[in-house]
Structures are given as structure tokens and as C-alpha cells.
Amino acid sequence: MSTTLKTIHILSACLFLGNVIVSGTWAALAERTRNHQIIQFSNHMVLLTDLLFTVTGALGVVITGHLMSVRFGGSESHSWISWSYMLFGLSGLIWLLVLVPIQLKQRQLLRQCDHITSEYLRLSRIWQISGAVATVLPLPILYLMINKIG
């Protein structure tokens with residue numbers, strides 16, 4: 001297994017996990033201000049950094065992880081690889097099916113008026129809870145990758 005491949009894999013994981021953790025924190029802190037301009041800027045930056053770092057990191061993790069899994073016989077040979085795929089995939093589904101649509105709806109609401117609406121805040125609660133779940137799901141993968149159990 002190439003050192004370069006491992007390095008890209010770890011860098012990708014750092015980009016992915018770092019951005020998903022920081023995005024939720026950044027959005028929550030912005031919303032605490034109840035300042036429309038700050039929240040609108042935060043929403044824009046979360047969408048932008050999701051494209052730059054979350055997508056890039058996720059693609060890097062999936063591609064390099066799959067290439068490295070061949071050394072271990074693929075996902076069929078070890079349950080830790082299968083669990084990693086499943087946890088990462090579930091996190092990705094939450095991101096694609098829940099988080100991004102909410103962010104886009106929030107963006108629309110922020111553009112329609114100059115104050116924070118109750119609809120925006122309702123969506124924010126769903127986004128924070130779903131985002132926390134999507135962030136926690138990949139964390140056990142770190143343990144599985146390091147210990148290669150199962």
C-alpha cells in the first residue's frame with residue numbers, strides 16, 4: 001500500500017471531518033446572534049465550504065479507501081470495511097437528502113426577507129440535529145480503520 005495513498009486518505013478524512021464539525025459550530029454561533037446578515041453570510045459559507053471541503057474530502061476518502069481495501073480483500077473479506085462503507089454512506093445520505101435541501105431552503109428564506117423567520121428557525125433545529133447525527137456516524141470509522149476489528 002502506497003504511502004501517498006494513505007496520506008491522501010488521511011488528508012481527505014481531515015478535510016471531511018474538519019469541515020462537517022466546523023460548519024455546524026459556525027452555523028450555530030451565527031444563529032445565536034439573530035442577526036440576519038451574519039446568518040445569511042454563514043449560510044452562504046457553509047454551502048461553499050461543503051462544496052470545497054466536504055465533497056472533496058468525501059470523494060478522497062471513498063476513492064482512496066476503496067483502493068486500499070483491495071489490500072485487505074475488499075469489503076466482503078472484513079466486516080470493519082463493510083461497516084465503514086455503511087456508516088460513511090449513511091452519513092452521506094443524511095447530508096444529501098436532509099442537510100443540503102434544508103440549507104438551500106434556508107438560503108431562499110434568508111433572501112426573501114430581512115429578518116429570521118420561525119420557519120428558518122424550525123429548519124435550523126432539524127439541520128442541527130441531523131447534522132450532529134451525520135457528523136457522529138463517521139467517527140466510529142476512525143476506530144475501525146485504526147484497529148481493523150471484525
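Begin by selecting helix α4: at 1.5 Å a residue its 19 residues should span 27 Å, and its end C-alpha atoms are 27 Å apart, which agrees. The expected span is 1.5 Å times one less than the number of residues. Helices here are DSSP runs (H or I, at least four residues), numbered from the N terminus.

The model is a predicted one, in which local features need pLDDT of at least 70 and side-chain atom pairs count only at pLDDT 80 or more, while totals for chains, interfaces and linings use all residues. Residues are numbered from 1 along each chain as its sequence is written, and side-chain values use heavy atoms, with hydrogens and water left out.

Stay on α4 and select Tyr120, Leu123, Ser124, Trp127, Ser130, Gly131, Ala134 and Thr135, which are buried (under 20% relative accessible area; exposed is over 50% and partly exposed in between, with a 1.4 Å probe and protein chains only). Viewed down the helix axis, the buried residues of α4 fall within an arc of 150°, so they line one face of the helix; the arc is that of the directions from the axis to the C-beta atoms. These buried residues pack against α1, α2, α3 and α5, where contact means heavy atoms within 4.5 Å. Turn to the other side of α4 to find Ser118, Arg125, Ile129 and Val136 exposed.

Next, colour the chain by pLDDT, the predictor's confidence in each residue, from 0 to 100. The chain mean is 93, and 98% of its residues reach 70 or more.

Now move to the aromatic rings, of which the structure holds two pairs. Rings of Phe, Tyr and Trp (its six-membered ring) pair if their centres lie within 6.5 Å; planes under 30 degrees apart are stacked, over 60 edge-to-face, and the rest tilted. Select Phe16 and Phe88: this pair is tilted, at 5.0 Å centre to centre and 50° between the planes. Phe16 belongs to α1 (residues 3-33) and Phe88 to α3 (residues 79-112), so the pair ties together parts 72 residues apart in sequence. Phe16 is buried at 8% relative accessibility, and Phe88 is buried at 15%.

Then select Trp26 and Phe41, whose ring centres are 6.3 Å apart with planes at 65°, so the pair is edge-to-face. Trp26 lies in α1 and Phe41 in α2 (residues 36-69), so parts 15 residues apart in sequence are tied together. Trp26 is partly exposed, at 30% relative accessibility.

Finish at Arg34, in the loop between α1 and α2. Arg34 has a positive phi of about 60° although it is not a glycine, and it is exposed, with a relative accessible area of 52%.

Note on methods. Helix = DSSP H or I, 4+ residues; strand = E, 2+ residues; numbered from the N terminus.
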